Amino acid sequence: MRVTTRAEAGRAAIEAIGAECWIGTPERLGTLRAALESVTIVCWLLGGVTGEEDEVRALHSSRLEFFLGQVIDTTVRGFVYEAAGIVPGDLLAAGEQIVRTIAERSAIPTAFLRVDIADSDAWQTEARAALDVLLGGSQR
């Protein structure tokens, strides 16, 4: 598993769970391109992202759309979108529509997380189920 973080300060926690750490940010998509090498499933888990309103909006619209366009020519064969959280519902719904449209056009199986991460146990159960479905090759 490869996990991205924006800053070196996140490395220890990521490596402590046995994941490979990648320093990069969806705010500068070029920092994530090489992180896709040999990746099968991408999880866009930004339902709880905070920041300036225009930056949060971009992460669920233009940056998401551009990123998905980059995924097409990689080893990625599944995409999970976090469609719940503290981000306004209209942004999450718009992001989900972008994912659905591009994934359908590109035949990329998708899954959507609808449980707020504040309910950690339920969120983890749903996330594991989404990954199981995508690894099994079915659409949720």
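Two strands count as paired if DSSP finds at least two bridges between them. Helices (H or I, at least four residues) and strands (E, at least two) are DSSP runs, numbered from the N terminus. The model is predicted: local features need pLDDT of at least 70, side-chain atom pairs count only at pLDDT 80 or more, and totals for chains, interfaces and linings use all residues. Residues are numbered from 1 along each chain as its sequence is written, and side-chain values use heavy atoms, without hydrogens or water.

An open sheet is formed by three strands in the order 3-4-5, with parallel pairing. Strand 3 (41-44) and strand 5 (110-113) are the edge strands, each pairing on one side only. From one strand to the next, the twist averages 15°. Angles run from 0 to 180 degrees between N-to-C directions, with axes fitted to C-alpha atoms, for helices over the stretch in contact. Four bridges join strand 4 (residues 78-82) to strand 5 in the parallel sense. F79 has T110 of strand 5 as its bridge partner. Helix 4 (residues 89-106) packs on the sheet and touches strand 4 and strand 5. Contact here means heavy atoms within 4.5 Å. The direction of helix 4 makes about 170° with that of strand 4.

Helix 5 (120-136) is among the elements that give two or more residues to the lining of the largest pocket, as are strand 1 (2-5), strand 3 and strand 4. Helix 5 gives the most, with six residues. A pocket is an open set of points on a 1 Å grid over the protein atoms alone, where a 1.4 Å probe fits, with protein on both sides within 12 Å along at least five of seven lines; lining residues have an atom within 4 Å of a point.

A search of the whole structure finds six salt bridges (a side-chain nitrogen of Lys or Arg within 4 Å of a carboxyl oxygen of Asp or Glu).
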